[in-house]
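Reader: I'm new to this one. Can you put it up and walk me through a few parts?

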Amino acid sequence: MNYRHAFHAGNFADLHKHAIVLAMLSALQSESDAVSVIDTHAGAGGYNLSGEMARRSGEAQAGIFRLKAADDAPAVFGPLLKAVADMNGGQEGDLYPGSPLLMARALRKADRYAGCELRPDDAQLLRKTLAPYANAQALKADGYATAVQQAGRGGRAFVVIDPPFERPDDYKRIAETTKAVLARARDATFAIWLPIKDLETFDAFLRMMETVTGDLLVAELRLRPLTDPMKMNGCAMVMIGAPASIDETASQAGDWIAARLGEKGGRSRVWRT
């Protein structure tokens, strides 16, 4: 599966992920004097939805543009919608912030953000995107290794993992990285994004993660029944150390997306292991 960020920026999965990640960061800031965000697969940091890659997929039209036009969006989407509006100067526009920009904008003086990206072109764009933010750093580095290296070095670790799933070992590396980070920083919090194409792969990953920790919060979103494993039929956020308030946040986001953007048979559910 090719999940390069620019093809899918602003799609239904981004709405789900970004609403939850922003809520998690805000909740962690209320609990901790300093938060250290490590974004393992940061991408370019911001996207022009009128660009060639976004236009080719057309996914933003069924995602962020429908959210902006809705009059019944729950409050959980408020921080994301404000960030989109700010990026476009308060006007209607085609710019969309990725996770790096969303989190960099929300940092306090004591917080830090490190975004990792291995693609040379996206790494260069990421540096430009984060340049105005003194507490945000762009690294051309392996995100899994960087998360382990930086965990426990100051501030509560918040690890955001959103790989492109182009490598066959991504699921295994996520589990290994989680275990290694928790060994260095027991209070680390994780937000892990996954595509859902078929139930077997999703369940296998959850079973793997349950051998690492018994503290999983799973926000599962399906746009359609899982009848075609060649499609991204949904997505999930698998969270560790998530504040209690995130259960309701994730439910509100997923329920609205499933009802308004999904097909017949779409659904959303949130549960803890």
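Author: Start with helix H10, where Phe202, Phe205, Leu206 and Met209 are buried; buried means under 20% relative accessible area, exposed over 50%, and partly exposed in between, with a 1.4 Å probe and protein chains only. Those buried residues fall within an arc of 100° seen down the axis of H10, so they line one face of the helix. The arc is taken from the directions from the helix axis to the C-beta atoms.

Reader: Before going on, what kind of model is this?

Author: A predicted model: local features need pLDDT of at least 70, and side-chain atom pairs count only at pLDDT 80 or more, while totals for chains, interfaces and linings use all residues. Residues are numbered from 1 along each chain as its sequence is written, and side-chain values use heavy atoms, with hydrogens and water left out.

Reader: What caps the N-terminal end of H10?

Author: Asp198 does, with a side-chain oxygen 3.2 Å from the backbone nitrogen of Glu200.

Reader: How many residues does H10 have, and how far does it reach?

Author: H10 has twelve residues (199-210) and reaches 16 Å from first C-alpha to last, close to the 16 Å expected at 1.5 Å a residue. The expected span is 1.5 Å times one less than the number of residues.

Reader: Let's switch to strands. How many residues of E8 are buried?

Author: Seven of its seven, so E8 counts as mostly covered. Leu216, Val218, Glu220 and Arg222 point one way from E8, and Leu217, Ala219 and Leu221 point the other way. In a regular strand the side chains alternate between the two faces of the sheet.

Reader: Which strands does E8 pair with?

Author: E8 pairs with E9 in the antiparallel sense over seven bridges, and with E10, also antiparallel, over six bridges. Two strands pair if DSSP finds at least two bridges between them. Leu221 stands opposite Cys235 in E9, and the bridge partner of Leu217 in E10 is Arg272.

Reader: What about charges? How many salt bridges are there?

Author: The structure holds 19, a salt bridge being a side-chain nitrogen of Lys or Arg within 4 Å of a carboxyl oxygen of Asp or Glu. One of them joins Glu220 and Arg267 (4.0 Å, N to O). Glu220 lies in E8 and Arg267 in E10, so the pair ties together parts that are 47 residues apart in sequence. Salt bridges with shared partners join Glu220, Arg222, Arg267 and Arg269 into one network.

Reader: Is Glu220 buried or exposed? And Arg267?

Author: Glu220 is buried, at 1% relative accessible area, whereas Arg267 is partly exposed, at 35%.

Reader: Where do Lys82 and Asp86 lie?

Author: Both are in helix H5 (residues 78-87), four residues apart, about one turn of the helix. Lys82 is exposed, with a relative accessible area of 51%, and Asp86 is partly exposed, at 37%.

Conventions. Helix = DSSP H or I, 4+ residues; strand = E, 2+ residues; numbered from the N terminus. Polar contact = N/O pair within 3.5 Å; in protein donor to acceptor, adjacent residues only side chain to side chain.
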